[in-house]
Amino acid sequence: MKVFAQKMTRWFLKEGIVDPERAEWCAYVIESRVFTLVSLSLVILIGAALFPIEDVLLLNFGVAFFRKKTSGLHLKSALS
């Protein structure tokens with residue numbers, strides 16, 4: 001994940017999308033978003049195999065929304 005984030009950041013720098021002084025921030029944001037997307041996808045896939053898909057989606061997106069609104073203070077991520 002870190003390697004992917006660094007490659008994307010280098011590409012953004014090369015294309016002029018991100019300023020060099022914001023490169024570290026960009027890599028962190030990419031890593032954070034990829035981690036969230038991958039973990040949420042895995043939880044949904046595993047949950048869908050065990051429970052009705054509507055329940056799984058409602059619970060997971062509800063928790064993701066709640067976590068975003070509370071700035072993630074109620075749960076720690078692997079990146080923090």
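Mentor: Helix 1 (residues 2-15) and helix 2 pack at an angle of about 135°, with their axes 8 Å apart. This is a predicted model, where local features need pLDDT of at least 70, side-chain atom pairs count only at pLDDT 80 or more, and totals for chains, interfaces and linings use all residues. Residues are numbered from 1 along each chain as its sequence is written, and side-chain values use heavy atoms, with hydrogens and water left out.

Trainee: What counts as a helix, and how many helices does the chain have?
Mentor: Helices (H or I, at least four residues) and strands (E, at least two) are DSSP runs, numbered from the N terminus. Here the chain has 3 helices and 0 strands, in the pattern α-α-α.

Trainee: How is the angle between helix 2 and helix 3 read?
Mentor: Axes are lines fitted to C-alpha atoms, for helices over the stretch in contact, and angles run from 0 to 180 degrees between N-to-C directions. Under 35 degrees is roughly parallel, over 145 roughly antiparallel, 65 to 115 roughly perpendicular, and the rest oblique. Helix 2 and helix 3 (residues 53-69) pack at about 150°, with axes 9 Å apart, so helix 2 is roughly antiparallel to helix 3. Helix 1 and helix 2 are oblique to each other.

Trainee: Is Val38 buried, partly exposed or exposed?
Mentor: Buried means under 20% relative accessible area, exposed over 50%, partly exposed in between (1.4 Å probe, protein chains only). Val38 has 43%, so Val38 is partly exposed. Val38 sits in helix 2 (residues 23-50). Of the chain's 80 residues, 18% count as buried.
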